[in-house]
Amino acid sequence: MAGLSWQDSLKIIKQGTHEIIGEEDLIEKLKKADNGGLPLRVKLGLDPTAPDIHLGHTVALKKMREFQDLGHEAYLIIGDFTGRIGDPSQKSETRKQLTSEEVMENARTYQEQFGKILDPEKTHLVFNSEWFSKWAPEDFLTLASKYTVARMLERDDFEKRYREGKPISILEFFYPLLQGYDSIAIKADVELGGTDQKFNLLVGRQLQKEYGQTPQALVMTPLLEGTDGVQKMSKSLNNYIGINESPREIYGKTMSISDDLLESYITLTTDLSGEELDRVISELKNNKLNPLEAKKFLARRLVEIYHDRGAAQEAEQEFTRVFSRGSLPEDIPEKPIENEWLDEEGKINLVQLLSRLEMVSSNSEGRRLTKQGGVYIDGERAQDPNLVVKPKKGMIIRVGKRKFTRLQ
RNA sequence: GGAGGGAUGCCCGAGUGGCCAAAGGGAGCAGACUGUAAAUCUGCCGGCGCACGCCUACGAAGGUUCAAAUCCUUCUCCCUCCA
């Protein structure tokens, strides 16, 4: 795609972008690159603690890929320095401090995953400890002197917590500063990020001015809602679809999203071209396209992207078999029956069995599920929690819609 | 340094002596239905060989009481105001 005029580049960059700050700067930079200048250095910060890339991350990563295809260079910054310190104000979550081994391990995992989206030739993975660990205390003071509390409190999150009397540690003020400094360290021309990162990205821009650099342009991508449709996709809320997950998981989780989310998922997570996308969305809107079909299409497409076409077909067949027709899945996990849990007659209480097989997390849960009619033995509903069964080899126990176990 | 306020189950958030295993919402799970693990409706949502029983639980540790998430003491953490 190199060789495009800056106007064309800008058009591509703007596609699917929520907001661009410093568009004039971006245009200048693009022009310069166009006229035989160096490729732009595009920055994207990654969380060093959660190395699982999910669809939420891919929105910005896909934008990054577009930059690469336009001939620019990607700089993925891993905030290992700050990650090692940890954040005291989030103590309920006891954000754990990472050791350098863990950081390296996470980095490896990242590398493996972003290879599915980015062009490795044009990708630089950078750790911010590279520069920060060499800093002397005065360097931090200098950095701190460049920003004011009032400006810090402009950040929604800080402002809100301040107003509500919730704690904000001084260290938290450092995060945006350090993150902003990363832009200076790598001389970023552009920084990508979700709209929730707006404040942090702006700090980077402002700091660059303070340190005499041309400020980076900010390209903000929309946030992707999680599978619950309520909050943004995040690992800690367990409402995510990881790109490393199995075809079946990706397919199934995609099918579980609410119809209302279809449009944003199709727009933000697939690789449809402009016209194709418009067509699908408009068909969806005027009911020409059945939401079920659209969702299947989305699910298939995602599996194709992160696995391959064959896997997508298999996942779809499997899904249809298990959920649409209610038949058994293809491969059911097998678990052995231990003699010690059986009585003299070789029998065991059903709830006990579920618990032993680790299909339920407690006897109470097993009891509840049984009463609610969510437990099946060889396809037959067992609704009596006091039922005593004689487990046999090959017997299939099903709990709820998706948990199956075949006894060995 | 002084004065006052707060800490509740996965999350948010009610509850100021018994009727509280703790309202309500969200998330989660199950069932019905269906076009799907969508939507909607219903139910469940601390543990225990558990229908009214016991245990654990409302920041921590003690105490008052027949009885505490609710009262008292100490502690930890957080916030606000004053200095």
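1. The surface of the protein near RNA strand B is made up of 11 nonpolar, 12 polar and 10 charged residues. Here Ala, Val, Leu, Ile, Met, Phe, Trp, Tyr, Cys and Pro count as nonpolar, Asp, Glu, Lys and Arg as charged, and the others, Gly among them, as polar. The model is predicted: local features need pLDDT of at least 70 and side-chain atom pairs count only at pLDDT 80 or more, while totals for chains, interfaces and linings use all residues. Residues are numbered from 1 along each chain as its sequence is written, chains are lettered from A and ligands numbered from 1 in the order in which they are written, and side-chain values use heavy atoms, with hydrogens and water left out.

2. In total, 33 residues surround RNA strand B, and the closest are Ser256, Asp259, Asn363, Ser364 and Arg402. A residue is near the strand if one of its heavy atoms lies within 4 Å of it. Of the atoms of RNA strand B that come within 4 Å of the protein, 69% belong to sugar and phosphate.

3. Some polar contacts (pairs of N or O atoms within 3.5 Å) can be named. The side chain of Ser364 has an N or O atom 2.5 Å from a phosphate oxygen of RNA strand B. A backbone N or O atom of Phe323 is 3.4 Å from a phosphate oxygen of RNA strand B. At Met255, a polar backbone atom lies 2.7 Å from a base oxygen of RNA strand B. Two or more residues of the surface near RNA strand B come from each of H12, helix H15 (291-306), helix H16 (309-324) and H18. Which element gives the most to this surface? It is H18, with 5 residues.

4. Chain A has 18 helices and 13 strands. Helices (H or I, at least four residues) and strands (E, at least two) are DSSP runs, numbered from the N terminus. The C-alpha trace of chain A spans about 80 × 50 × 40 Å along its principal axes. Of the 408 residues in chain A, 46% are buried, where buried means under 20% relative accessible area, exposed over 50%, and partly exposed in between (1.4 Å probe, protein chains only).

5. Helix H13 (residues 262-269) is mostly covered, with 6 of its 8 residues buried. These are Leu262, Ser264, Tyr265, Ile266, Leu268 and Thr269. Their cover includes helix H3 (55-69), helix H14 (274-285) and H15, counted by contact, meaning heavy atoms within 4.5 Å.

6. An open sheet of 5 strands runs in the order E7-E13-E12-E9-E10, with mixed pairing. Strand E7 (334-335) and strand E10 (380-381) are at the edges with a single partner strand each, so one side of each has no neighbour in the sheet. Strands count as paired if DSSP finds at least two bridges between them. E7 and strand E13 (residues 403-407) run parallel and are joined by 2 bridges. Lys335 stands opposite Leu407 in E13.

7. Two backbone angles are worth a look. Most residues other than glycine have a negative phi. Asn238 is not a glycine, yet has a positive phi of about 50 degrees. Asn238 sits in the loop between strand E6 (217-221) and helix H12 (247-255), and is exposed at a relative accessible area of 59%. Glu358, also not a glycine, has a positive phi of about 60 degrees. Glu358 is in the loop between helix H17 (350-356) and helix H18 (363-371), and is exposed at 64% relative accessibility.

Note on methods:
A polar contact is a pair of N or O atoms within 3.5 Å; within protein, one must be able to donate a hydrogen and the other to accept it, and residues adjacent in sequence count only if both atoms are side-chain atoms.
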